[in-house]
Amino acid sequence: ITINPSPVLVITNPAAVCAPSTVDITAAAVTAGSTGGGTLSYWSDAAATIALASPGAITTSGTYYIQSTLGSCTDIEPVVVTINTTPVLVITNPTPVCAPLTVNITAAAVTAGSTGGGTLSYWSDAAGTIALASPGAITTSGTYYIRSTVGTCTDIEPVVVTINPSPVLTITNPAAVCAPSTVDITAAA
């Protein structure tokens, strides 16, 4: 009489990655702690009828299945793969304004054409470590940064804000003249 021990799979879902990265469900960490020492196979369905073509380089989020087989004994368990869409920011620098007007870099026109549907945040530095206090009312010219985040995936891009100083005219009325003399208001004085 031969009684084979049933294999027991312990699954640790792999960490989420950002597209275009792939996930390897054949990595030892995914089945660490499993017992029985069975032969592993990889499937697209829970019934183990559709073999997974590339278990070492999965490109699509979803639930896949690993089966451990020892003799005629099997254990099949799900493994969840998460591949987040990497957002892509398209930046259109806002139109320059004259002080004391402000610039709103949260306006939809600034990021129109971006993809990935990420959550936007606004920064003073390219590393995204110094939050921008008033992105809806910037008062100083400079380069600021917008970051789009989906899960652990990000794209950060610069946005150039131009706030021109308003000119100040000082007027000295020209001296009165007698007709038929004329007055030249283009004179520097």
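Author: Two strands pair here if DSSP finds at least two bridges between them; strands (E, at least two residues) and helices (H or I, at least four) are DSSP runs, numbered from the N terminus. The model is predicted, so local features need pLDDT of at least 70 and side-chain atom pairs count only at pLDDT 80 or more, while totals for chains, interfaces and linings use all residues. Residues are numbered from 1 along each chain as its sequence is written, and side-chain values use heavy atoms, with hydrogens and water left out.

Reader: In what order do the 3 strands of the open sheet come?

Author: The order is β2-β3-β4, with antiparallel pairing.

Reader: And which strands stand at the edges?

Author: Those are β2 and β4 (73–81); each has a single partner strand, so one side of each lacks a neighbour in the sheet.

Reader: How many bridges join β3 and β4?

Author: Strand β3 (residues 62–70) pairs with β4 over 9 bridges in the antiparallel sense. Serine 68, for instance, has aspartate 75 in β4 as its bridge partner.

Reader: Turning to β8 and β9, what do they form?

Author: They form a hairpin with 2 residues between them, and glycine 151 in the turn has a positive phi of about 60 degrees. Strands β8 (residues 142–150) and β9 (residues 153–161) are antiparallel, with 9 bridges. Threonine 149 has threonine 154 in β9 as its bridge partner.

Reader: Where does alanine 29 lie, and is it buried or exposed?

Author: Alanine 29 belongs to the loop between β1 (17–18) and β2 (39–43). Alanine 29 counts as exposed because its relative accessibility is 56%; exposed means over 50%, buried under 20% and partly exposed in between (1.4 Å probe, protein chains only).

Reader: How far is its C-alpha atom from that of threonine 12?

Author: The C-alpha atoms of alanine 29 and threonine 12 are separated by 7.0 Å, and the two residues are 17 residues apart along the chain.
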